[in-house]
Amino acid sequence: MAENTVQTTGDLTKVKPYGDTLNDGKVEMAFTLPVPYGEEAEECAKQYVKKLGFDEPSVTYYHELAPGFTFFVVYGAAQQTIDYTAIKVPKVEGNVFDRVECGEWIAENIGRDIVVVGASIESDAHTVGIDAIIQMKGFHGHFGLERFKNVVAYNMGSQVPCEELIAKAKEVNADAILVSQTVTQKDIHIMNLTKMIELVEAEGLRDKIIMTCGGPRISHELAQELGYDAGFGPGKYAEHVMSYIMQEVEKRGWQDKPEIASR
């Protein structure tokens with residue numbers, strides 16, 4: 001009987017996409033070209049994928065979206081590799097605790113409630129992100145901060161002017177501000193986040209409030225580039241946010257400084 005020679009482990013210094021077998025480089029991609037539906041369109045898609053650097057392009061599906069526009073699903077084999085071992089990604093440091101552990105940790109190490117204020121700012125009318133982090137029901141089986149013990153969370157909703165969010169943070173002596181940005185067309189989220197941090201600095205509050213932001217196109221690296229303390233993107237939930245905030249409160253020695261003016 002022939003031995004099974006299928007390779008099950010790869011070289012992490014030369015990583016390629018996995019399709020049917022290891023290192024075959026197979027990739028599925030979907031895109032629209034502004035060309036009329038037909039066999040010429042199919043060939044156009046194949047040639048375009050070849051120019052992207054993929055071998056063996058195969059159009060598995062194509063459909064007319066509207067006159068002069070055709071949608072494609074294409075498979076191809078990538079040739080480029082990535083050295084996974086050389087990748088360095090800036091990320092939020094510290095331990096991540098679950099909801100119950102966060103409440104217990106705050107009681108033991110902070111000795112008071114941690115106060116946070118969050119909103120989707122400026123023109124962003126979407127609350128899905130800030131609701132997932134703050135609302136009691138949370139998202140995807142992860143309860144929001146309203147369900148956490150020893151945490152007081154204020155959700156101001158959507159389209160909140162930066163000035164109002166800052167005013168609320170001052171009113172309730174917030175330890176942290178959570179800024180959510182879902183809409184990203186024309187990099188509007190960058191402009192909104194920049195405006196927020198500039199106003200906080202102008203108020204003289206930058207070192208007195210922990211500034212965090214989150215959204216589908218937010219990374220910790222981007223957040224820090226914009227002047228925030230931490231950023232939370234896809235796959236992050238309330239426990240990730242609170243784990244960071246509570247450890248940062250302890251690190252800054254704010255246990256006995258519930259009022260912003262005293263920090």
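Let's sort out residue classes before anything else: Ala, Val, Leu, Ile, Met, Phe, Trp, Tyr, Cys and Pro count as nonpolar, Asp, Glu, Lys and Arg as charged, and the others, Gly among them, as polar. What you're looking at is a predicted model, where local features need pLDDT of at least 70, side-chain atom pairs count only at pLDDT 80 or more, and totals for chains, interfaces and linings use all residues. Residues are numbered from 1 along each chain as its sequence is written, and side-chain values use heavy atoms, with hydrogens and water left out.

Now for the pockets. A pocket here is an open set of points on a 1 Å grid over the protein atoms alone, where a 1.4 Å probe fits, with protein on both sides within 12 Å along at least five of seven lines; lining residues have an atom within 4 Å of a point. The volume is the space filled by probe spheres set on the points, which are joined across faces, edges and corners.

The largest pocket comes to about 430 Å³. Its lining has 22 residues, with G129, I133, G215, G233 and K236 nearest the centre. Two or more residues each come from α3 (128-134), β6 (176-180) and β7 (210-214); helices (H or I, at least four residues) and strands (E, at least two) are DSSP runs numbered from the N terminus. The top contributor is α3, with 5 residues. By class, this lining splits into 13 nonpolar, 8 polar and 1 charged.

The second largest pocket holds about 230 Å³. It is lined by 19 residues, and K91, V92, G231, F232 and K236 sit closest to its centre. Here β8 (230-232) and α7 (238-251) are the elements giving two or more residues, with the largest share, 4 residues, from α7. This lining divides into 7 nonpolar, 9 polar and 3 charged.
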